[in-house]
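Please read this briefing alongside the sequence and the 3D view. It covers strands, aromatic rings and salt bridges, in short points grouped by topic.

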Amino acid sequence: MEVKNLDELPAFITKDGSEIRELLAPRNSRLLNQSLAEARLPIGGATTEHYHARTEEIYFILSGTGRMRVEGEERPVKPGDAIAIPPGHWHKLWNTGPEPLRLLCCCAPAYEHDDTYLVEG
């Protein structure tokens, strides 16, 4: 059995600029085809708009509030919201609230920097 605790995992910055902690991924577990990470955006922060050629993602908002854009469609997001992001779809997330925005990010196949393509600057 593999169990990882979020508080014991190192954070790193992804290519889109968000801070994540990989809970389970091929880099730190026996998983081969997916990853689960907690991501954080600071107050007023945003990811760089990007897409993944191979990876589909699910964002699940844990705390804070934000605005999500997928392929030009935007809407507010809040705790309990799950967002589907198919491969090839441009997306961006803003923290619009008064506290850090925290979310779970599930990727299949697992997140890799080389599958992240920046759309803006």
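**A charge over a ring**

The charged end of Arg67 lies over the ring of Trp94, at 3.9 Å from the ring centre. The model is a predicted one. Arg67 and Trp94 are also bridge partners, with Trp94 belonging to strand E9. The points below begin with the strands around this contact.

**Strand E6 and its partners**

- E6 pairs with strand E7 (residues 73-77) in the antiparallel sense, over 5 bridges.
- Within this pairing, Met68 stands opposite Arg75 of E7.
- E6 and E7 form a hairpin with 2 residues between the strands, and Glu71 in this hairpin has a positive phi near 50°.
- E6 also runs antiparallel to strand E9 (residues 91-95), to which it is joined by 5 bridges.
- In E9, Lys92 is the bridge partner of Arg69, and Trp94 is the bridge partner of Arg67.

**Strand E9: covered on both faces**

- In a regular strand, side chains alternate between the two faces of the sheet.
- In E9, one side carries His91, Leu93 and Asn95, the other carries Lys92 and Trp94, and all of them are buried.
- The strand is accordingly described as mostly covered, with 5 of its 5 residues buried.

**Aromatic rings**

- Two numbers describe a pair of aromatic rings: the distance of the centres and the angle of the planes.
- How many aromatic pairs does the count come to? The count is 1 aromatic pair.
- The ring centres of Tyr51 and Tyr117 are 5.2 Å apart and the planes are at 20°; the pair is stacked because planes under 30 degrees apart count as such.
- The pair links distant parts of the chain, since Tyr51 is in strand E4 (residues 50-52) and Tyr117 is in strand E11 (residues 116-118), 66 residues apart.
- Tyr51 has a relative accessible area of 25% and is partly exposed.
- Tyr117 is also partly exposed, at 33% relative accessibility.

**Salt bridges**

- How many salt bridges does a search of the whole structure find? The search finds 12 salt bridges.
- Arg27 and Glu112 form a salt bridge through their side chains, at 2.9 Å from N to O.
- This pair links distant parts of the chain: Arg27 is in the loop between strand E2 (19-24) and strand E3 (35-41), while Glu112 is in the loop between strand E10 (101-108) and E11, 85 residues apart.
- Arg27 is partly exposed at 45% relative accessibility, and Glu112 is partly exposed at 34%.
- The side chains of Glu38 and Arg40 form a salt bridge of 2.9 Å, N to O.
- Is Glu38 buried or exposed? At 1% relative accessibility, Glu38 counts as buried, while Arg40 is partly exposed with a relative accessible area of 28%.
- Arg54 forms a salt bridge with Asp114, and their closest N and O atoms are 3.6 Å apart.
- Arg54 lies in the loop between E4 and strand E5 (56-63), and Asp114 in the loop between E10 and E11, so this pair ties together parts that are 60 residues apart in sequence.
- Arg54 is partly exposed, with a relative accessible area of 49%, whereas Asp114 counts as exposed at 54% relative accessibility.
- Salt bridges with shared partners join Glu49, Arg67, Arg69 and Glu74 into one network.

Note on methods:
Residues are numbered from 1 along each chain as its sequence is written. This is a predicted model: local features need pLDDT of at least 70, side-chain atom pairs count only at pLDDT 80 or more; totals for chains, interfaces and linings use all residues. Side-chain values use heavy atoms; hydrogens and water are left out. Two strands pair if DSSP finds at least two bridges between them. Helices (H or I, at least four residues) and strands (E, at least two) are DSSP runs, numbered from the N terminus. Buried means under 20% relative accessible area, exposed over 50%, partly exposed in between (1.4 Å probe, protein chains only). Rings of Phe, Tyr and Trp (its six-membered ring) pair if their centres lie within 6.5 Å; planes under 30 degrees apart count as stacked, over 60 as edge-to-face and the rest as tilted. A charge sits over a ring if NZ of Lys or CZ of Arg is within 6 Å of the ring centre and within 35 degrees of the ring normal. A salt bridge is a side-chain nitrogen of Lys or Arg within 4 Å of a carboxyl oxygen of Asp or Glu.
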